[in-house]
Amino acid sequence: MPEKPKTPAYKKTEKWWLILVVLFYVLYNIPGVPQYGDARGAIIHGALTIIPIWVIVYVGMYILNRQRKLKVRQDAVASSDNNSEEGV
């Protein structure tokens with residue numbers, strides 16, 4: 001029986017990252033929560049939904065950036081070297 005190819009770690013991270021962001025986004029957008037005009041409820045609701053969304057997004061970007069570095073293109077490096085020589 002042929003072996004399954006191993007899924008890269010970044011794909012698993014991306015899947016969990018997407019699930020958590022969508023979950024907290026849906027929780028943030030539940031209609032009628034908190035009640036209109038309830039300041040204390042709005043602060044609690046924001047603390048339980050908006051802050052985790054921010055944390056999840058930024059921590060997820062950091063982790064994925066460490067797992068999956070962007071490649072440096074040679075033509076981009078050459079053009080930046082030309083610009084630095086010209087004094088631009």
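Begin by selecting His 45, which counts as buried because its relative accessibility is 13%, where buried means under 20% relative accessible area, exposed over 50% and partly exposed in between (1.4 Å probe, protein chains only). The model in your viewer is a predicted one, in which local features need pLDDT of at least 70 and side-chain atom pairs count only at pLDDT 80 or more, while totals for chains, interfaces and linings use all residues. Residues are numbered from 1 along each chain as its sequence is written, and side-chain values use heavy atoms, with hydrogens and water left out.

**Around His 45**

His 45 lies in helix 2, which covers residues 39-67; helices (H or I, at least four residues) and strands (E, at least two) are DSSP runs, numbered from the N terminus. Now show what surrounds His 45: neighbours within four places in sequence aside, it is in contact with Leu 27, Tyr 28, Val 33, Pro 34 and Ile 50, contact meaning heavy atoms within 4.5 Å.

From that list, select Pro 34, which sits in the loop between helix 1 and helix 2. Look at the peptide bond that joins Val 33 to Pro 34, which is cis, with omega near -10°. As background, most peptide bonds are trans.

**Along helix 2**

Colour the buried residues of helix 2, which are Gly 41, His 45, Gly 46, Thr 49, Pro 52, Ile 53, Ile 56, Gly 60 and Leu 64. Helix 1 (9-28) is part of what covers them. The C-alpha atoms of Val 26 and Thr 49 are separated by 9.2 Å, although the two residues are 23 apart along the chain.

**The nonpolar patch**

Which residues make the nonpolar surface patch of about 840 Å²? Select Ile 51, Trp 54, Val 55, Tyr 58, Val 59, Met 61, Tyr 62 and Ile 63 to see it. Patches are made of residues with over 30% relative accessible area and no salt bridge, like charges being joined within 9 Å and nonpolar side chains (Val, Leu, Ile, Met, Phe, Trp, Tyr) within 5 Å. Within this set, Tyr 58 belongs to helix 2 and is exposed, with a relative accessible area of 57%.

**The salt bridge**

Then show the side chains of Arg 68 and Glu 14, which meet in a salt bridge at 2.7 Å, N to O; the term requires a side-chain nitrogen of Lys or Arg within 4 Å of a carboxyl oxygen of Asp or Glu. This pair links distant parts of the chain, with Arg 68 in the loop between helix 2 and helix 3 (74-86) and Glu 14 in helix 1, 54 residues apart. Arg 68 is partly exposed at 41% relative accessibility, and Glu 14 is partly exposed with a relative accessible area of 28%.

**The whole chain**

Finally, zoom out to the chain, which has three helices and zero strands. Buried residues make up 11% of its 88 residues.

Terms used: Areas by Shrake-Rupley, 256 points an atom, 1.4 Å probe, with all protein chains shown as cover.
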